[in-house]
Amino acid sequence: MAKLTKKQKEALSKVEKGRIYNLSEGSALVKEVNTAKFDASVDIAVRLGVDPRKANQMVRGVVSLPHGTGKDVKVLALVTPDKEAEAKAAGADYVGLDEYLDKIKSGWTDVDVIVTMPAVMGKLGPLGRVLGPRGLMPNPKSGTVTMEIGKAVTEVKAGKIDFKVDKYGIIHAAIGKVSFDADKLRENAQELISTLIKMKPTAAKGTYVKSIYLSSTMSPGIAIDTKSVN
């Protein structure tokens, strides 16, 4: 087991063992217990009472965080020439089609999100082996396959994120940086949780939101009272 540094021990001591914090308290505490020397990401993990193996209990969607993620999201717009100006005006970092398809075939994936048009999806199919494992394959449900390219790019740049429950029934998402005000972290977390609650599958029985944890890179997890977010 790795030896804890003085800073890590100090951070752990601030999180009361066995205590469950309300969302406001947790949002403030996650800033205090950060030990990273950089502007670390703040992450949320929400365990849901669903069985992801069953299609009628899959939870997947998108949410626009009111204060963004604090991350400079690199967007590739794979579009036909008539949509290039729209994509560039919206702030896409890379815009084009065939030349970027060739780069992806060669293993290039130095982007965070790919936005494209329905007519282009046929060309992306063969690249599923490269894009799929990296979570880069555009999807109509996440709004990344659309004719409204400018709108899609703008939303992604502003803090729109997609989420999907993993095989353990947990949603993981970045909701900001430790440099954010505690209120902004709280509001971002609340927006995601509210969206998850609205998406509760009718087939899910019993307790839906089982647990919530906030953490930053290299920091201890902070348990959040699920009743404080409903």
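Analyst: The model is predicted. In it, 3 strands make an open sheet in the order β4-β3-β5, and their pairing is parallel.

User: How many bridges join β3 and β5, and which residue of β5 is the bridge partner of Leu78?

Analyst: Strand β3 (residues 75-78) pairs with β5 in the parallel sense, over 4 bridges. Ala77 stands opposite Val115 in β5. For Leu78, the bridge partner in β5 is Thr116.

User: Are the residues on the two faces of β5 buried or exposed?

Analyst: In a regular strand, side chains alternate between the two faces of the sheet. In β5, Val113 and Val115 are on one side, with Ile114 and Thr116 on the other. Both faces are covered, and these residues are all buried.

User: What angle does the direction of α7 make with that of β5?

Analyst: Helix α7 packs on the sheet, where α7 touches β3 and β5. The direction of α7 makes an angle with that of β5 of about 165°.

User: Why are α3 and α7 described as roughly parallel?

Analyst: Two packed helices are described by the angle between their axes and the distance between the axes. The axes of α3 (residues 81-90) and α7 (residues 149-158) come within 8 Å and cross at roughly 20°. Angles under 35 degrees count as roughly parallel. The two helices, α3 and α7, are therefore roughly parallel to each other.

User: Which residues of α7 meet α3, and how many residues of the contact are nonpolar?

Analyst: From α3, the residues Lys83, Glu86, Ala87 and Ala90 meet Ile149, Gly150, Val153 and Thr154 in α7. By class, this contact of α3 with α7 has 2 charged and 2 polar residues, and the number of nonpolar residues is 4.

User: There is a sheet of 4 strands as well. Which strands stand at its edges?

Analyst: This open sheet has the order β7-β1-β8-β9, with antiparallel pairing. A strand at the edge has a single partner strand, so one side of it is left without a neighbour in the sheet. The twist averages 25° from one strand to the next. The strands at the edges are β7 (170-177) and β9 (222-224).

User: How many bridges join β1 and β7, and how many residues of β7 are buried?

Analyst: The pairing of β1 and β7 is antiparallel, over 7 bridges. Within this pair, Ile44 has Ala173 in β7 as its bridge partner. Strand β7 is mostly covered, and of its 8 residues the number buried is 6.

User: Which strands does α8 touch?

Analyst: Helix α2 (residues 23-32) lies across β1 (41-48), β8 and β9, and runs at about 25° to β8. Helix α8 (residues 182-198) packs on the sheet, with a direction at about 155° to that of β7. The strands touched by α8 are β1, β7 and β8.

User: Are α2 and α8 parallel or oblique to each other?

Analyst: The axes of α2 and α8 are 8 Å apart, and the helices pack at an angle of about 125°. The crossing is right-handed. Residues in the contact include Leu23 and Ala28 of α2 and Leu185 and Ala189 of α8. With that angle, α2 and α8 are therefore oblique.

User: Is Ser106 buried or exposed?

Analyst: Ser106 is in the loop between α4 (98-105) and β5 (113-116). Its relative accessibility is 67%, and the cut-off for exposed is over 50%. Ser106 therefore counts as exposed.

User: Is Asn139 buried or exposed?

Analyst: Asn139 is in the loop between α6 (128-131) and α7. Leaving out residues up to four places away in sequence, Asn139 touches Arg60, Thr144 and Val145. The relative accessible area of Asn139 is 17%, and buried means under 20%. Asn139 is therefore buried.

Note on methods: Residues numbered from 1 in each chain as written. Predicted model: local features only at pLDDT ≥ 70, side-chain atom pairs only at ≥ 80, totals over all residues. Heavy atoms only, no water. Axes fitted to C-alpha atoms, helices over the stretch in contact; angles between N-to-C directions. Parallel < 35°, antiparallel > 145°, perpendicular 65-115°, else oblique. Contact = heavy atoms within 4.5 Å. Nonpolar A, V, L, I, M, F, W, Y, C, P; charged D, E, K, R; others polar. Buried < 20%, exposed > 50% of the residue type's maximum accessible area, 1.4 Å probe, protein only. Pairing = 2+ DSSP bridges. Left-handed = near helix turned anticlockwise from the far one by under 90°.
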